[in-house]
Amino acid sequence: MTTNDTSESDILFERAKSVIPGGIFGHYKYAVRPSGPKFFSRAEGAHFWDVDNNQYIDYMCAYGPMILGYNHPAVDEAARKQHAEGNTVSLAAPIMIDLAETLVDMVDAADWALFGKNGGDATTLAVMIARAATGREKIIKIDDGYHGVTAWMQAGTPGTTEADGVDVITLPWNDVDALESALTANPGKIACFISSPYDHPVMRDNTLPMDGYWAGVEALCRKHGIVLIIDEVRSGFRVDLAGANSAYGFTPDLVCFGKGLGNGYPISALVGNDALKSAADSVFFTGTQFFNAVPMAAAKATLEELKKIDAANTMTRLGTKLNEGLVNVASQHGYRLNATGIPAMPYYRLDGISFEAHTAWIDECVKRGAYFLFYHNHFLSTAHTDADIERTCNIASDAFAAMGSPDQYQE
Ligand code: PMP
């Protein structure tokens, strides 16, 4: 099997570097590999093509937003229809109410919804509402939990100050005792606990909640009057369409959605319970583009389609099949592949060999048309097919063959 030529990507990357700091910025820059594709030319379903016309089965799904497939006809049709009526206008569109009603119907923890553009809008707004409701300042988050790029999220990195982090307490994942200690040490000071429903850090195995973890967290939040915020920006609609908390058996106060909500159209949402409705109304948080009607129409169509095709279970089935296939192919070549996290968002790590060797295997897969990423969890969509997965396993097998014996890469 031949491997991809990516010379046009490299030419564009050189051009980009002269007018864009870093050439490619933000989270996309970490995916830049010397031998890899850097710019796409088109996308359809579960596939994209790079500027050298190489086709990839996409297991990053634009880092989550692509959940029904690129260019989904029902979503694009709803967007086109709304576009003909108007998008960014001096008044809100009725589609905003339709979308809020759809979310309230679908998501167990939702009595109301507010909208933004990026996931970070939803998490920032959630924390502001928690502070407004409690009159307290401090936030508890999980050590390597990611909730966007606001200063409190990344205090001490270039462009932020240490002071940005003074109200942020970080705790280990799956540790109810650590939460209890933090609450006892800060009486009357904690506004909220914010966490994704399971731990999906970068560069590390992902970890599901232990039995009793979320019940324990919820009980402590209730006891101490703390707002429980679940960040489903990444996991949204891939664990359970009613919210991951429904699958994990607890009730949050606020839930943040982004990414998959609009199948690629720019929209995020914060949903919450009635107890926080007036605090939500008191917070000033907005943006020029927050009222774009086209992404709202796209999001409503996305949610309806997700429900119609039982999307979370579909992606779980596809992800389970991919995990089993890859683990099996790895072992045929003498490698051990760890697949962690939920099946619809698998994190892969080759066990017992160096991280560089793991990365080299990912590069070999990408060169052959399976778009994986070496440091991040992956994403399934409902557009992936059994044939895609079978082809991916063949690609993975060829990639292992190109690597040779694992003995040469022992840690
Ligand atoms: N929360 C989580 C769990 C995320 O994965 C992300 C994005 N990777 C965000 C928040 C921030 O979302 P956005 O990049 O859309 O602001």
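This is a predicted model: local features need pLDDT of at least 70, side-chain atom pairs count only at pLDDT 80 or more; totals for chains, interfaces and linings use all residues.
The chain is assigned to two domains.

At the interface, 26 residues of domain 1 contact 25 residues of domain 2. The size of an interface is often given as the accessible area lost when the parts come together. For domain 1 and domain 2 this area is about 2,100 Å², and carbon and sulfur atoms account for 60% of it. Of the area that domain 1 buries against domain 2, 25% is supplied by I67, L68 and I342, more than by any other three residues.

Polar interactions also occur between the domains. A total of 14 residue pairs are in polar contact between domain 1 and domain 2. On the side of domain 1 that touches domain 2, helix α10 (311-332) and strands β11 (336-340) and β12 (347-351) each provide at least two residues. The largest share, four residues, comes from α10. One salt bridge is found across the interface. A salt bridge is also formed by R349 and D205, whose closest N and O atoms are 2.8 Å apart.

Within helix α4, which spans residues 119-134, lies D121. Leaving aside residues up to four places away in sequence, D121 touches G116, S268, F285 and F290.

Note on methods
Residues are numbered from 1 along each chain as its sequence is written. Side-chain values use heavy atoms; hydrogens and water are left out. Contact means heavy atoms within 4.5 Å. Buried area is the accessible area (1.4 Å probe) that two parts lose on being put together, summed over both. A salt bridge is a side-chain nitrogen of Lys or Arg within 4 Å of a carboxyl oxygen of Asp or Glu. A polar contact is a pair of N or O atoms within 3.5 Å; within protein, one must be able to donate a hydrogen and the other to accept it, and residues adjacent in sequence count only if both atoms are side-chain atoms.
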